[in-house]
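I opened this entry to keep a record of what I looked up, item by item. The structure comes first, my notes after it.

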Amino acid sequence: MKFSYNWLCELAGVRALDAAAMGRLITVHTAECEGVEPWGAHFAEVRAARVVSVEPMAGHHRKAVIDTGSGTRTVVCGAPNCREGIVSAWVPPGTALGSRHIETADVGGVTSEGMLASGAELGISRDHAGIVEIEAAPGEPIPGCRPDSIIEIDNKSLTHRPDLWGHHGMAREVAALAGGQLQEPADTGRIPSGAPLVRVRIEDYALCPRYSALVFENVTVGPSPLWLQARLESLGLNPINNIVDVTNYVMAELAQPMHAFDAAKLAGGTIFVRPARDGETCAALNGETYTLNPSNLVIADGSGAVAIAGVIGGMESSITGATTRIVLESANFHAAGIRKTSSRLKLRTDASMRFEKSQDPANTVRALARAIALLEQVSPGIRLAGGLADDARPAAEPIVLELPLEWLGRKLGATVEPERVRAILEALRFEVSSIGEGVLRVTVPSWRATKDITIKDDLVEEVGRMIGYSSITPTPPRVATAPPRVNERRGFHHAVRQAVAAQGFNEVYNYSFVSEQEMARFGRNPGDHLAVTNPIAAGQGHLRISLLPGLHRNIVENAKHAVSFRLFEIGYEIHKGAEVRETPHMAAAIYAKDSGEQSLFELKRLALGLMPGSETSPCEARAHEHPARVAEVRWKGSVVGRLFELHPRLVEAGRAAVLDLDLAVVESLREETRKYKPVRRFPASEFDLSVVADARDLSATIEARIREHGGSHLENIEFLRVFTGPPLPEGCKSLSYRLTMAASGHTLSGPELTGIREKLLEGLRAAGYELRA
Amino acid sequence: MTEQLRELEARALAGVASAATPEEVEAIRVDVLGRKGRLAAISREMGKVPPEERGLIGKLLNQAKTSIEAAIAGREDAFEQEKLARRLDAEWLDLTLPPPGVRPGSLHPLTRIQREIEDLFVSLGFTVLDGPEVESEYNNFDALNIPPDHPARDMQDTFWLENGMLLRTHTSPVQVRGMQTLPLPLRMIAPGRVFRNEEVDASHEHTFYQLEGMMVDREVSVAHLIYFMKTLLAGIFKRDVTVRLRPGYFPFVEPGFELDIQCLICGGSGCPVCKQSGWVELLPCGLVHPNVLRLGGIDPGEWSGFAFGLGLTRLVMMRYGIDDIRQLQGGDLRFLRQF
Ligand SMILES: [Zn+2]
């Protein structure tokens, strides 16, 4: 929202506060100022000048001699309206006009000393057609145009302040902060009495608490005077014509959106405020036609919608050059309803933005009073016709709050003198009286009572921000000390991160979204995923149920410029269902341009590090898994994840091994159960054993057999190597193990060892294994 | 014979001293000290020595043997030392070579900052809470004093889900969970991932990280809040910071503030980082709105509190000078390996 520094100064009755200082003051006490930009600096130089004579030149140019009030000058001018006798705006040489520097220049053999400027060149209108024509004596400044600064306030910081959507509201703050005398621009004494010439019917006061209107006749429609155009232009509002410009000016001043209808285009003498009929259309001022439904409120005449209430006016009844009689609307609408309509139509206007903030119903008539004065100024001869039409529900009872001063001091952590509290609130136009010991009775002004201030805590903010939070001394809180509750899960996740990173893995963070293409690659359907109803982009329409698609993307991308790498992510899978389940997972991947075996075993080592004693058992492969390189990871009897190579189809060059663990399950199993066993006192014996098996027999199976037949003294089985090739027959392999035998109470004797060994070999042979010497 | 002994000893010692190899020393040992060696030969001739000289000769004989043995042992030891020295020298290693195997991994910068800040808060007596990424509309908005038609909902473009839930737009809903589960007085933080339906560019992300903090006690004031924030920020930035509170609007606090810190780059005199203002907006905070306490099952007449939100993503970017927010979730090793 843009504020004119000059305008604020006028309304707040302050001087001696420069624009930058005003911006800072507003930031610290009221709302965030995003910047202060100079506007119209050239008006310090530009002067009125009368065209004394005009001579044609080659082309469209003319040589004009002008009276600048301080001597005559010659300028070359291309404007068609450059003619003898008019007074226009002369830009002297050496003036910066926006990014242009106006200098004395030779134009077609004529020395042009500066230039005569159009409204667009001066930045006060959109008019490029010709030079401005003004009423002023040569040498005078351009009437209504002087250098200003535009103070830009962050809209978000005005969300809760309907009153600050107009200059007068902001001026009230500035006056309170800088000690100015706030000016009231509206004279409600101007509101005519008597019967109105238009009737208003509000169907639902909840949606439209108030609708006020006046009828004017003998209207002349034309361009606004320059001062009005300039002011609107400086605030980024497009000047249209004198009538519309007045409505926008009042909105910018008093935060009350208004709308002018051409009375001749309204059917019947009644204005209806009602929900739109289903499918009813409205051709709006912006050239679009909107199809409405009953959730949208419309302003209608006898034949149909003439405006979308609080959002935009209709084209049909808009002000044109032929308009002579107008109905001026100043209404109040329910914030949520306007917000809904505006977002459904994807149409945010200056009006809808203001109504969304819960405007003050008391403001409608005040705005009309202000408009009367302005219209008389810009449309000479205009006359009020009839009295005020004003349909409203009874005004809300004022909000009255009790403010205990001791409580206020405790909330702020600072003592503020009662007189100071009172002065602050009164400067902001709260009514304050004292009731009893240390308690103030505070009546909230109507423009702060629509939503903003409802409880005494809201007054803490008013006092706090006006004294300035920097005046409060930071104080250590007095609190009981107790060790905080420990978040085991978080600690566990951090420990896993640390452990995995220590094994050479780089941690990634991927998005929670997954595309349909990605889910298809991993054998999943959109239906398996929780869908986002308003995705920001195609490919982000569903929530991930696996970390793998993200990790896969990382692998493919990084493989473009790295030969081998390790990555991992800890994040949440989001599973749909009656209850949404968010499951923490750790997915780690090793990418290398090799045969892929080593990577799988590295990951297995990682798993063993995280889960001592965990096992990998063969399982059915999924779509994205290498069908012959996949295993379930089990720990303490539970499945905790999967170890596999990504299907080579998913990895163009090189191979990627993946370990995917459900951290919730791992965490639940991680309770320490081991117990100390006394260290063995007697020496152990070792012997090696080579078992010949089918090429695809599992080492785990053979180890289990060894354990089964090895007897109670078998202490450890260490895998040594696997061997294939001659003299072994095709399709066979030999697995070698070193077995450790020991007894707890004595040293095993030779005969004992031989006995154990014989029994083991016999058992293995019986199980169908051959043994190699 | 005395002469003969002396000469033998002298020659043997000289021979040992000049021996170039262990073999030469061994040869001398065999020649002089061996069973058939020269000393043995002399001692065999002792019988021919007159009895009165035998004592002296015997003594000389022993002395010669001892000194030659010592010389040989010394020389052999020297050879051993030399051999060891040569072997060790041959084992020279270039320790400037990089180690074989994988290079060290890394933790994501967001992990680093989260852990650091969690540790800081735990040391101040705060409990760390987690909350789900998929939240109910109630917890994300209503329970935080943001009713359905509230314009504040516009400030937070929301991702809605098919089941009527949403992706949390802030970590504030964890406040609600904290109030429901923790005993009073309470101090909690909740770091986590949040979502906003926003176009992504170098400074905007639809997915980022926040940290919510809340303290509820018998008497909590604005003065306490300022003190606490200063302490916290000194911990984060590892230096004293000057803070400024100004009005900020957040429906779940009243009064609400934006907390700025004096620009750490220019010290407040104005620079591009602070857009010449001398201040950098850092965190929203405020006293917990009585409605929020009430909805959390806490009596606002008895208890009060403050709450704040810290943008972890922003903090990471400030800390490491990251100028493109998209890097954080881009998964690019060339970025990740820098941490
Ligand atoms: Zn700076």
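**Interface of the two chains**

I began with the contact, to which chain B gives 88 residues and chain A gives 81 residues. I note at the outset that this is a predicted model. For the area buried between chain B and chain A I read about 7,100 Å², with 56% of it on carbon and sulfur atoms.

Next I looked up charged pairs, and the rule returned six salt bridges across the interface of chain B and chain A. I wrote down one salt bridge, A:Arg490 with B:Glu118, where the closest N and O atoms are 2.7 Å apart. The list of polar contacts across the interface of chain B and chain A holds 34 residue pairs, both residues at pLDDT 80 or more.

Which element supplies the largest share of the side of chain B that touches chain A? I found helix H9 of chain B, residues 222-237, with seven residues. Sorted by class, that side of chain B has 41 nonpolar, 23 polar and 24 charged residues.

With its neighbours within four places in sequence left aside, I list its contacts as B:Lys238, B:Arg239, B:Val241, B:Val243, B:Leu259, B:Ile261, B:Leu282 and B:Leu283.

**Two residues of chain A**

I looked up A:His160 in the loop between strand E12 (148-153) and helix H4 (167-178) of chain A. Is A:His160 buried or exposed? I noted it as buried, because its relative accessibility is 16% and the cut-off for buried is under 20%. Beyond neighbours within four places in sequence, A:His160 is in contact with A:Asp452 and B:Tyr249.

A:Leu663 I placed in helix H17 of chain A, residues 663-669. A:Leu663 is buried, at a relative accessible area of 1%. Not counting residues up to four places away in sequence, I see A:Leu663 touch A:Phe492, A:His493, A:Val496, A:Ile570, A:Pro584, A:His585 and A:Met586. I checked one distance as well: 62 Å separates the C-alpha atoms of A:Leu663 and A:Ala392, which are 271 residues apart along the chain.

**Backbone entries**

For the backbone I recalled that most residues other than glycine have a negative phi, and most peptide bonds are trans. I logged a cis peptide bond from B:Leu184 to B:Pro185, with omega near -10°. B:Pro185 sits in the loop between helix H8 (173-181) and strand E4 (186-195) of chain B. B:Glu254 and B:Pro255 are also joined by a cis peptide bond, with omega about -5°, and I found B:Pro255 in strand E7 (residues 253-262) of chain B.

A:Lys346 is not a glycine, yet I read a positive phi of about 50° for it. The loop that holds A:Lys346 runs between helix H7 (335-344) and helix H8 (350-355) of chain A.

B:Asn145, not a glycine either, has a positive phi of about 70°. I located B:Asn145 in the loop between helix H6 (137-140) and helix H7 (152-155) of chain B.

Methods:
Residues numbered from 1 in each chain as written. Chains lettered and ligands numbered in written order. Predicted model: local features only at pLDDT ≥ 70, side-chain atom pairs only at ≥ 80, totals over all residues. Heavy atoms only, no water. Contact = heavy atoms within 4.5 Å. Buried area = accessible area lost by both parts, 1.4 Å probe. Salt bridge = Lys/Arg side-chain N within 4 Å of Asp/Glu carboxyl O. Polar contact = N/O pair within 3.5 Å; in protein donor to acceptor, adjacent residues only side chain to side chain. Helix = DSSP H or I, 4+ residues; strand = E, 2+ residues; numbered from the N terminus. Nonpolar A, V, L, I, M, F, W, Y, C, P; charged D, E, K, R; others polar. Buried < 20%, exposed > 50% of the residue type's maximum accessible area, 1.4 Å probe, protein only.
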